[in-house]
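Please walk through this model with the sequence at hand.

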Amino acid sequence: MSRRYDSRTTIFSPEGRLYQVEYAMEAIGHAGTCLGILASDGIVLAAEKRNTNKLLDEISFSEKIYKLHDDMACSVAGITSDANVLTNQLRLFAQRHLLQYGEPIPCEQLVATLCDIKQAYTQFGGKRPFGVSILYVGWDKHHGFQLYQSDPSGNYGGWKATCIGNNSSAAVSMLKQEYKEGETNLKQALDLSIKVLSKTLDTNKLTADKVEIATLTRENNVTCIRILPTSEMEALVKKFEEEEAKAEAEKKKDKPSS
């Protein structure tokens with residue numbers, strides 16, 4: 001049935017669906033996992049690195065995490081070339097606002113401005129939706145630390161913890177159980193992000209080269225966006241493995257011998 005209605009992005013099917021937008025969402029479902037966790041003293045942004053080739057020259061800031069301006073960063077899941085276009089737009093909007101008003105753009109305003117463009121690509125003929133979902137982390141003087149997610153349809157929403165990309169539904173259900181609102185600090189959020197990624201990534205063993213983590217914090221009234229170095233990543237993974245081994249040993253001890 002869908003074949004008659006999926007050749008144009010602007011044609012509704014009789015069930016009221018826009019198939020091209022749904023296909024764009026499907027493309028994101030096969031992309032690398034990205035998750036964000038809002039803590040009381042900062043935000044954690046973690047992403048799966050798919051391209052771990054040793055011959056790759058890592059000259060860029062990051063593979064999956066982009067700095068937008070001094071108070072905001074984002075992580076992307078989907079078609080990277082589409083993501084590059086959108087992140088450049090986000091940087092442009094942020095700098096225009098700074099130039100015009102002399103202050104950083106509020107986080108939600110930046111997200112909403114980009115989502116207006118994403119929505120236009122689902123309404124006008126001759127264009128296809130952007131095949132990318134974005135997680136935005138930021139701080140502003142109005143609402144403090146914030147985490148947003150947007151998808152190809154132009155919808156966006158604020159979150160306390162969420163995930164996009166491959167196995168995102170499993171990660172979100174795990175976050176629902178583990179995340180404690182108002183009680184989670186940055187250190188606990190980092191541990192939780194490693195725990196969630198280890199359970200949801202399609203890999204037998206989580207290693208530091210397969211994951212990329214950034215933190216957004218405030219120090220002396222200045223926003224600090226920091227990509228964790230490999231040494232810190234390895235320490236987090238090692239700590240998680242030790243806790244898992246300890247829990248497994250206790251489980252075996254408690255189990256009565258048959």
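Which residues does Ser 153 touch, not counting residues up to four places away in sequence? They are Val 21, Met 25, Gln 119 and Thr 122. Bear in mind that this is a predicted model.

Ser 153 sits in the loop between strand S6 (144–150) and strand S7 (156–158). Is this residue buried or exposed? Ser 153 counts as buried, because its relative accessibility is 18% and the cut-off for buried is under 20%. Its side chain also has polar partners. One is the side chain of Asp 151, in a polar contact at 2.5 Å. Another is the backbone nitrogen of Asn 155, which the Ser 153 side chain reaches at 3.4 Å.

Turn now to the aromatic rings. A pair of aromatic rings is described by the distance of the centres and the angle of the planes. The count here comes to three aromatic pairs. One of them joins Tyr 19 and Tyr 23, with 6.2 Å centre to centre and 35° between the planes. That pair is tilted. Both residues belong to helix H1 (residues 19–29). They are four residues apart, so about one helical turn separates them. Tyr 19 is buried, at 7% relative accessibility. Tyr 23 is partly exposed, with a relative accessible area of 34%.

Tyr 121 and Phe 130 form another pair. Their ring centres are 4.5 Å apart and their planes stand at 40°, so this pair is tilted. Tyr 121 counts as partly exposed, at 24% relative accessibility. Phe 130 is buried, with a relative accessible area of 9%.

Next comes the second largest pocket. Its volume is about 320 Å³. Of the 14 residues that line this pocket, Glu 178, Gln 188, Asp 191, Leu 192 and Lys 195 are the closest to its centre. Which elements give two or more residues to the lining? They are helix H5 (186–200) and helix H6 (230–254). How does the lining of this pocket divide by residue type? It holds four nonpolar, two polar and eight charged residues.

Stay with helix H6 for the last stop. Val 237 is found in this helix. Val 237 counts as buried, because its relative accessibility is 6%. Not counting residues up to four places away in sequence, Val 237 touches Ile 194, Leu 206 and Ala 208. His 30 lies 207 residues from Val 237 in sequence. In space, the two are 24 Å apart, C-alpha to C-alpha.

Terms used
Residues numbered from 1 in each chain as written. Predicted model: local features only at pLDDT ≥ 70, side-chain atom pairs only at ≥ 80, totals over all residues. Heavy atoms only, no water. 1 Å grid on protein atoms, 1.4 Å probe; cavity = no way out; pocket = protein on both sides within 12 Å on 5 of 7 lines; lining within 4 Å. Points joined across faces, edges and corners; volume = space filled by probe spheres on them. Nonpolar A, V, L, I, M, F, W, Y, C, P; charged D, E, K, R; others polar. Buried < 20%, exposed > 50% of the residue type's maximum accessible area, 1.4 Å probe, protein only. Polar contact = N/O pair within 3.5 Å; in protein donor to acceptor, adjacent residues only side chain to side chain. Contact = heavy atoms within 4.5 Å. Phe/Tyr/Trp six-rings, centres within 6.5 Å; stacked < 30°, edge-to-face > 60°.
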